[in-house]
Amino acid sequence: MNMDFTQLPWSIMMPEIILLGTILILLLAELTRYRGEREKGDVLLPILSLLGLMIAMFSLWTLTGKVDQILNDSFRLDGFALLFKWIILGGTFLVVLLSMQDGNGEDAKSRGEYYILLLTAALGGMFMASSGDLITLFVGLELLSVSSYIMVGLRKRNIQSNEASFKYVVNGGIATATFLFGASYLYGLSGTTNLFQMAQQFAQPGFMNSFGTLVYAAFFFVVVGLSFKISTVPFHMWAPDVYQGAPTTVTAFLSVVSKAAGFAMLIRIFFTSFAWVSYQGGGTTRVILHDAAIYLAILSALSMILGNIMALRQINVKRMMAYSAIAHAGYILVPFAAYNNLMIDQVIFYLFAYLFTNLGVFALIDGVTRERGTEEIRAFAGLYHRSPFTALAMTILLLSLAGFPITAGFSGKLYILLGAIQNGNLWLASILIVTSVIAYYYYFGIIRQMYMRPGQTEAPLRLPTAVLAVMTIGLIGTLIGGFFPGQVLQWIQDPFSSNSLFQIFDGKF
């Protein structure tokens, strides 16, 4: 097949090209700096990273949600990819901004590698959001995963960091093998790695009646592989140790950007390859995703229950946030089980709310625990007396995670809850409500420390400018999502139509 590369619409890949160019510049800058400069951890690399991310976001802003493709549909741009790239780039920007306040010592020695790995992981996530082919998806997944493994272990002399990195690599390797096993079934059954051609093959008359069991087996293994990335029960065991052992900025990245990329991959595979595949079985017409809904519902329920209950027992704030992240993965899976026309809109809205809220919380966790020298929840004792505004900001952000009204977290949970009720999935909606009430207890544990427990010092808390900036951005985003949820949802729906997920580049469905 002849292909004129100069005639391809490279503009749809411009954000990724800019990010790749930034990574190369960072590599050159790191290699040409003197050793003394590297150890001081100057601001050159974070500033270059922020500039690259800003230019990539500007490039993304010039793109529309119109479906377009390049390289035989292995890379596609549509409204879905556009929104997830905003989450990935925005989240990475805030993490880089937060990282600028890292102190001296061991963190600073690895500073150059850190920013290069951070942007490489974001590049992998963007490829995952835009892929139309299993191979591109896997390349994106590995770019994100391998960079994350290294970032978790960047504190080379920290035993917790080393242990976390080891566990992450071992568990990640198993998950990758499981995903590849499922993907090999998909390829073997369809004879293609293209997600759209795969769907057409599965929809052939009589295909599912002959090979239905194997298609379901592939579905199961792919879900298991991706469940690791989004940390749902029972594939969550790595999360508490990795969240605790990793540098806090890396934990923030994993909790938001990596999770969003995992959900993007999940949606892309299932709603491209399986969404419209139906067949005759038991005298009725059956759809794969409807059959798989009960499996996803069980994963969602287990994640909500176990994540929230285990969080109650934690005294380390980062471990508590790890179990909280598992519970939130369960909330985000509810729309997959309670399938409706707005389910992807609900997932994207929730991820936007989670982006601002969680990064705001992690910014304050980083600032406070670093200043107090401990990661236990008692580090927040007496914070209200030391810095009333910081305590108030933390309160609002935690209430958003809990799902309190007039916050983005409440709007996100409400949309998901209404979708489950509309679909008649009342038992799952009930679990969402009950576990959200349980979550209030451990989030209020931090609030109680801030307002009702005496701290070891009454000295005013002085947070670095970077922490204050990320906290303020997170707070503004949380309040906008709470006070104007309709406008945010409309902003999501403007470039995005669920149909664009299934739309092939020639305009047909």
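Predicted model: local features only at pLDDT ≥ 70, side-chain atom pairs only at ≥ 80, totals over all residues.
1. Ser 231 is found in the loop between α10 and α11, where helices (H or I, at least four residues) and strands (E, at least two) are DSSP runs numbered from the N terminus. Ser 231 has a positive phi of about 55 degrees, although it is not a glycine. At 2% relative accessibility, Ser 231 counts as buried; buried means under 20% relative accessible area, exposed over 50%, and partly exposed in between (1.4 Å probe, protein chains only).

2. Residues are numbered from 1 along each chain as its sequence is written, and side-chain values use heavy atoms, with hydrogens and water left out.

3. The loop between α10 (207–230) and α11 also holds Pro 234. A cis peptide bond joins Val 233 to Pro 234, with omega at about 5 degrees.

4. A positive phi also occurs at Ile 406, a residue other than glycine, with a value near 60 degrees. Ile 406 is placed in the loop between α17 (388–402) and α18 (408–422). Its relative accessibility is 48%, so Ile 406 counts as partly exposed.

5. The structure holds 11 salt bridges, a salt bridge being a side-chain nitrogen of Lys or Arg within 4 Å of a carboxyl oxygen of Asp or Glu. One of them joins the side chains of Lys 85 and Glu 16 (2.8 Å, N to O). Lys 85 lies in helix α4 (residues 79–99) and Glu 16 in helix α1 (residues 14–32), so this pair ties together parts that are 69 residues apart in sequence. Both Lys 85 and Glu 16 are buried.

6. Another salt bridge is formed by the side chains of Asp 78 and Arg 268, at 2.9 Å from N to O. This pair links distant parts of the chain, 190 residues apart: Asp 78 is in the loop between β2 (75–77) and α4, and Arg 268 is in helix α12 (residues 248–274). Asp 78 and Arg 268 are buried.

7. The side chains of Asp 241 and Arg 319 likewise meet in a salt bridge (2.9 Å, N to O). Because Asp 241 lies in helix α11 (residues 238–245) and Arg 319 in helix α14 (residues 317–337), the pair ties together parts that are 78 residues apart in sequence. Arg 319 counts as buried, at 19% relative accessibility. A network of salt bridges links Glu 163, Lys 167, Asp 241 and Arg 319.

8. The largest nonpolar core has 171 residues, of which Ile 269, Phe 270, Phe 274 and Phe 336 touch the most other members. Such a core is a set of buried Ala, Val, Leu, Ile, Met, Phe, Trp, Tyr and Cys residues joined through side-chain atoms within 4.5 Å. Not counting residues up to four places away in sequence, Phe 336 touches Phe 263, Leu 266, Ile 267, Phe 271, Leu 296, Met 343 and Val 347; contact means heavy atoms within 4.5 Å.

9. Thr 285 is placed in strand β4 (residues 284–287). Thr 285 is exposed, with a relative accessible area of 52%. Leaving aside neighbours within four places in sequence, Thr 285 is in contact with Ser 278, Tyr 279 and Gln 280.
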